[in-house]
Amino acid sequence: MSVHDELAHVRHALDDLVRAVDRLQIPLGNGADVRRVRVDTDHLREDLDLLRQSMAAEEPTADPSRPQIVFIPRTPYDPSMWAGCEDEGIGSRHGPERRQPRPARRSPRRASGLA
């Protein structure tokens, strides 16, 4: 694994840690211990950003002919990230609550031959 992959993995793990601290703050409140852990996670985030910046400064410019690899985590996304968003999938603006009932189709009558 390259250094960039490792840094991306650390960043993802740190994001998970920050979300876990957020969840812990709900039952534990905003006491001194929770605030200290929050400050520590903020310091870790700042230190990781500084490390990434120093690595970017040392690295030569990327070769444009070589594709860049994007790390996509296999863990599910945080559901709070999607709060307030509309679904852009099929029927996003025509969901069941907005659908109008369609009128029933009438099948054509057969001519009975009697007139």
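**Before selecting anything**

The model is predicted: local features need pLDDT of at least 70, side-chain atom pairs count only at pLDDT 80 or more, and totals for chains, interfaces and linings use all residues. Residues are numbered from 1 along each chain as its sequence is written, and side-chain values use heavy atoms, with hydrogens and water left out.

**The whole chain**

Helix H1 covers residues 3–28, and helix H2 covers 32–58.

Next, show the surface. Accessible areas come from the Shrake-Rupley method with a 1.4 Å probe, and for residues only the protein chains shown count as cover. Of the 115 residues, 8% count as buried. Buried means under 20% relative accessible area, exposed means over 50%, and partly exposed lies in between (1.4 Å probe, protein chains only).

Contacts (heavy atoms within 4.5 Å) may be examined as well. Among those between residues at least 6 apart in sequence, 71% join residues at least 24 apart.

**Threonine 41**

Select threonine 41, in helix H2. This residue has a relative accessible area of 3% and is therefore buried. Leaving aside residues up to four places away in sequence, threonine 41 touches Leu14, Leu17, Val18 and Val21.

**Histidine 12**

Move to histidine 12, in helix H1. Its relative accessibility is 18%, so histidine 12 counts as buried. With residues up to four places away in sequence not counted, histidine 12 touches Arg19, Pro73 and Thr75. To continue, draw a distance from histidine 12 to isoleucine 72: the two are 60 residues apart in sequence, and their C-alpha atoms are 9.8 Å apart in space.

**Salt bridges**

Show the charged side chains. A salt bridge is a side-chain nitrogen of Lys or Arg within 4 Å of a carboxyl oxygen of Asp or Glu, and by this rule the count comes to six.

- Select arginine 45 and aspartate 15, whose side chains meet in a salt bridge at 3.5 Å, N to O. The pair links distant parts of the chain, with arginine 45 in helix H2 and aspartate 15 in helix H1, 30 residues apart. Arginine 45 is partly exposed at 26% relative accessible area, and aspartate 15 is partly exposed at 21%.
- Select arginine 19 and aspartate 16, joined by a salt bridge of 2.4 Å, N to O. Because they are three residues apart in helix H1, about one helical turn separates them. Arginine 19 is partly exposed at 23% relative accessibility, as is aspartate 16 at 31%.
- Select arginine 38 and aspartate 22, whose salt bridge is 2.7 Å, N to O. Arginine 38 lies in helix H2 and aspartate 22 in helix H1, so this pair ties together parts 16 residues apart in sequence. Aspartate 22 counts as partly exposed, at 35% relative accessibility.

Then select Arg11, Asp15, Arg45 and Asp49 together: salt bridges that share partners join these residues into one network.

**Surface patches**

Patches are made of residues with over 30% relative accessible area and no salt bridge; like charges are joined within 9 Å, and nonpolar side chains (Val, Leu, Ile, Met, Phe, Trp, Tyr) within 5 Å.

Select Asp40, Asp42, Glu46 and Asp47, which form a negative patch. Here Lys and Arg count as positive and Asp and Glu as negative, while His and the chain ends are not counted; the place of a charge is taken as NZ of Lys, CZ of Arg, CG of Asp or CD of Glu.

Finally, select Val70, Ile72, Tyr77, Met81 and Trp82, which make a nonpolar patch of about 600 Å². Tyrosine 77 is found in the segment after helix H2. With a relative accessible area of 52%, tyrosine 77 is exposed.

Definitions and conventions. Helix = DSSP H or I, 4+ residues; strand = E, 2+ residues; numbered from the N terminus.
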